[in-house]
Amino acid sequence: MTQIDYTYKIERTCTTCGHTDELIVTKREAAFELFSVSNALGKTCKNCSSLSFSTSYPRPDLDFDLLKEWATNVDLRLMPQDEELLLADEKYLDIILRVLDTISIPDRKRNLLMDALCIIVYDNTIDDNSLHHEQLKARVIKELKKRKDLLKMADGWIMDYIKNVVYPQLDLTI
Ligand SMILES: [Zn+2]
């Protein structure tokens, strides 16, 4: 289990008077957005009763346990939409592959993870041609080729502009 650590500070600043309130949550709560700022801090500014705020907090890095929990629970979200963009990050590559290979997960989550792998290839194809990008892209292409069956199942989830760049590099026919 993920260790409980109340270390994520959410700051809500009133856009009218600048008053700031804080909410402390766990890494898990922060990762899955399992908190309600207005429930915890009230709907209005304690200083001026304004309803207008800006809220910011550091998004925690996922570890294997958190990704596994997300992947096996259809109700958990990393963000309201575009979760695959958040997951399409080199720092998550190893744990994504580990989840895909070792855990039985719902189709939706598996498709999102396959989509994220394609986005890593896409990003590293169009960004630039540094050696680092080339090596990362080559590795993810190799991993995708090993999992063509999973990719075919995820096909409907992947945007065409991603497919157009990525599929030719996989020798993939759907
Ligand atoms: Zn205020």
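**Exercise 1. Strand pairing**

E11 stands opposite S56 in β3. Work out which strands pair with β1, and in which sense.

*Solution.* This is a predicted model: local features need pLDDT of at least 70, side-chain atom pairs count only at pLDDT 80 or more, and totals for chains, interfaces and linings use all residues. Residues are numbered from 1 along each chain as its sequence is written.

Step 1. Strands are DSSP runs of E with at least two residues, helices are runs of H or I with at least four, and both are numbered from the N terminus. Two strands pair if DSSP finds at least two bridges between them.

Step 2. Take β3. β1 pairs with β3 over 4 bridges, in the antiparallel sense.

Step 3. Take β2. Strand β1 (residues 8-14) and strand β2 (residues 20-25) run antiparallel and are joined by 6 bridges. Y8 stands opposite V25 in β2.

Step 4. Look at the turn. The hairpin of β1 and β2 has 5 residues between the strands, and G18 there takes a positive phi near 85 degrees.

**Exercise 2. Two helix contacts**

Describe how α3 packs on α5, and how α6 packs on α9.

*Solution.* Step 1. Axes are lines fitted to C-alpha atoms, for helices over the stretch in contact, and angles run from 0 to 180 degrees between N-to-C directions. Angles under 35 degrees count as roughly parallel, over 145 as roughly antiparallel, 65 to 115 as roughly perpendicular and the rest as oblique.

Step 1. Take α3 (residues 64-72) and α5 (residues 93-102). They pack at about 45 degrees, with axes 10 Å apart. So α3 is oblique to α5.

Step 2. List the contact. Residues are in contact if their C-beta atoms, placed from the backbone, lie within 7 Å. α3 gives F64, L67, K68 and A71; α5 gives I95, R98 and V99.

Step 3. Sort by class. Ala, Val, Leu, Ile, Met, Phe, Trp, Tyr, Cys and Pro count as nonpolar, Asp, Glu, Lys and Arg as charged, and the others, Gly among them, as polar. The contact of α3 with α5 has 5 nonpolar, no polar and 2 charged residues.

Step 4. Take α6 (residues 107-126) and α9 (residues 160-170). The angle is about 90 degrees, with axes 9 Å apart. α6 and α9 are therefore roughly perpendicular.

Step 5. List and sort again. C118, I119, V121, Y122, T125 and I126 of α6 meet I162, V165, V166 and Q169 of α9. This contact of α6 with α9 has 8 nonpolar, 2 polar and no charged residues.

**Exercise 3. The whole chain**

State how many helices and strands the protein chain has.

*Solution.* Step 1. Count. The protein chain has 9 helices and 3 strands.

Step 1. Read the order. The pattern along the sequence is β-β-α-α-β-α-α-α-α-α-α-α.

Technical notes: Two residues are in contact if their C-beta atoms, placed from the backbone, lie within 7 Å.
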